[in-house]
Amino acid sequence: MRRRNSFLKRRLKALIARRISAADGPGYLYAFFDGRNVVKVGRAVDVRRRELQWDVACWNPNRVWTDSIWCPYVHRAESIAHILLEQDCVDRPKRKCPTCGKRHQEKFRFRGTQNEISTHVRNVRLTARSL
Ligand SMILES: [Zn+2]
């Protein structure tokens, strides 16, 4: 379920104002489709390794990975990207995964073709990196 816009706006403002943590550092924002119009966005230092971890933990033959985006401060970029995606999405599905039974966090459902969604999610990650 999406949280209220007023809450998301306040949260975004606070995240942008926050000083960059000394523990933050470079990495990649990855994104994949789990289903036709549901996207998961996460962060990893080594995306190839993370892809393998996903395949072991939750094997889904229909998972489609998109391009990853390098960020100098990937923790911060990820938090901002999640808020921006929540603002735009139709909904945040939290039901149990049919493949592994877990409730995966930070999945977002969008309307449109996979190409449109993919472009949008890429632009959101670029914006998150720049804020
Ligand atoms: Zn799963």
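A residue is called buried here if 20 or more other C-beta atoms lie within 10 Å of its own, exposed if 12 or fewer do, and partly exposed in between, with the C-beta atoms placed from the backbone. The structure to which this is applied is a predicted model, in which local features need pLDDT of at least 70 and side-chain atom pairs count only at pLDDT 80 or more, while totals for chains, interfaces and linings use all residues. Residues are numbered from 1 along each chain as its sequence is written. Helices (H or I, at least four residues) and strands (E, at least two) are DSSP runs, numbered from the N terminus.

**First stop: helix H3**

Select residues 74–88, which form helix H3. Its 15 residues reach 21 Å from the first C-alpha to the last, close to the 21 Å expected at 1.5 Å a residue, where the expected span is 1.5 Å times one less than the number of residues. H3 is mostly covered, since 11 of its 15 residues are buried. Colour Val74, Arg76, Ala77, Glu78, Ile80, Ala81, His82, Ile83, Leu84, Leu85 and Glu86 to see these buried positions. Now show what surrounds them: the buried residues of H3 pack against helices H1 (5–17) and H4 (114–130), and against strands E1 (27–33), E2 (38–44), E4 (69–71) and E5 (107–109).

Which residues touch the most other members of the largest nonpolar core? In this core of 22 residues they are Leu29, Val41, Ala77, Ala81, Leu84 and Leu85, a nonpolar core being a set of buried Ala, Val, Leu, Ile, Met, Phe, Trp, Tyr and Cys residues joined through C-beta atoms within 7 Å. Two or more residues of this core come from each of E1, E2, E4, H3 and H4, and the largest share, seven residues, comes from H3. Centre the view on Ala81, which touches Leu29, Val41, Val124, Arg125 and Ala128 when residues up to four places away in sequence are not counted; two residues are in contact if their C-beta atoms, placed from the backbone, lie within 7 Å.

Then move to Asp88, which is also found in helix H3. Asp88 is exposed, because it has 12 other C-beta atoms within 10 Å.

**Second stop: the two helix partners of H3**

Show H3 together with H4, which pack at an angle of about 130° with their axes 8 Å apart. Axes are lines fitted to C-alpha atoms, for helices over the stretch in contact, and angles run from 0 to 180 degrees between N-to-C directions. H3 and H4 are therefore oblique to each other, on a scale where angles under 35 degrees count as roughly parallel, over 145 as roughly antiparallel, 65 to 115 as roughly perpendicular and the rest as oblique. The contact is made by Ala77, Ile80, Ala81, Leu84 and Leu85 on the H3 side, and by Val124, Arg125, Thr127, Ala128 and Arg129 on the H4 side.

H1 and H3 pack at an angle of about 160°, with their axes 10 Å apart, which makes H1 roughly antiparallel to H3. Where the two helices meet, select Asn5, Leu8, Arg11, Leu12, Leu15 and Ile16 in H1 with Ser79, Ile80, Ile83, Glu86 and Gln87 in H3.

**Third stop: individual residues**

Go to Trp70 in strand E4. Is Trp70 buried or exposed? It counts as exposed, because it has 12 C-beta neighbours inside 10 Å. Beyond four places in sequence, Trp70 touches Pro26 and Tyr28.

Asn37 lies in the loop between E1 and E2, and it is partly exposed, with 17 other C-beta atoms within 10 Å. Leaving aside neighbours within four places in sequence, Asn37 is in contact with Arg109, Phe110, Arg111 and Ile117. Of these, Ile117 is 80 residues from Asn37 in sequence and 7.4 Å from it in space, C-alpha to C-alpha.

Finish at Glu106, in the loop between H3 and E5. Glu106 has a positive phi of about 60° although it is not a glycine, and it is partly exposed, with 15 other C-beta atoms within 10 Å.
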